[in-house]
Amino acid sequence: MALFKVVVELFPIEWSENYANSFLNEAKNDQNELIRLLRETRGIYCFYNSELEIIYLGKTKDNLWSEMKNAYMRPMPHYSKYKVNHPRGRYKYTEEARKMKLVNLKVWEAANYFSAYSVNDEYIDDIEKLLIRIVPNDILNKRMEGNGSLEMHISAVDN
């Protein structure tokens with residue numbers, strides 16, 4: 001079996017209140033098929049912002065779909081942006097300028113794309129550590145995973 005396999009890369013997120021806090025539309029056949037694959041897969045995933053910067057990277061040894069849905073709704077208390085409060089997806093005229101406020105965002109408020117990869121269980125932790133170290137200035141994970149030594153499986157590289 002391969003060390004890892006692509007499930008999907010840079011898939012656009014179509015957020016809607018009708019999706020029950022999800023980032024995919026289960027009513028669409030192709031997205032329903034993707035959800036089925038994510039339910040059957042363990043591994044690593046990441047969410048990207050509109051500029052294709054990784055904003056969150058995660059792993060699971062359970063199923064990707066459940067973990068990704070949880071992460072998608074997760075608050076990021078260390079990630080703040082200036083924002084004007086508008087009703088999502090609606091415009092309402094006002095005579096006064098709406099105030100800009102520094103607010104903490106959730107992953108869903110910043111994510112525009114996602115990728116997911118199937119990874120052999122024994123390598124999930126090490127691959128996540130490696131990826132977080134590769135993009136530490138862009139990634140918004142609250143902690144740096146495994147901040148001890150990164151144990152690479154030399155046998156995986158040799159094979």
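Reader: What does K83 form a salt bridge with?
Author: With E109: the closest N and O atoms are 2.9 Å apart. A salt bridge here is a side-chain nitrogen of Lys or Arg within 4 Å of a carboxyl oxygen of Asp or Glu. By the way, this is a predicted model, where local features need pLDDT of at least 70 and side-chain atom pairs count only at pLDDT 80 or more, while totals for chains, interfaces and linings use all residues. Residues are numbered from 1 along each chain as its sequence is written, and side-chain values use heavy atoms, with hydrogens and water left out.

Reader: How many salt bridges does the whole structure have?
Author: Nine. One of them joins K59 and D125 at 2.6 Å, N to O. K59 lies in strand β3 (residues 54-60) and D125 in helix α4 (residues 124-134), so that pair ties together parts 66 residues apart in sequence.

Reader: What else does D125 pair with?
Author: K61, with the closest N and O atoms 3.0 Å apart. K59, K61, D125 and E128 are linked in a network of salt bridges.

Reader: Switching topic: how many aromatic pairs are there?
Author: Ten. Rings of Phe, Tyr and Trp (its six-membered ring) pair if their centres lie within 6.5 Å; planes under 30 degrees apart count as stacked, over 60 as edge-to-face and the rest as tilted. F23 and F114 have ring centres 4.9 Å apart and planes at 70°, so they're edge-to-face.

Reader: Are F23 and F114 buried or exposed?
Author: Both are buried. Y45 and F47 make another edge-to-face pair, 5.9 Å centre to centre with 75° between the planes, and both of those residues are buried too.

Reader: Which residues do the ring pairs link into a cluster?
Author: F11, F23, Y45, F47, Y56, W65, Y72 and F114.

Definitions and conventions: Buried < 20%, exposed > 50% of the residue type's maximum accessible area, 1.4 Å probe, protein only. Helix = DSSP H or I, 4+ residues; strand = E, 2+ residues; numbered from the N terminus.
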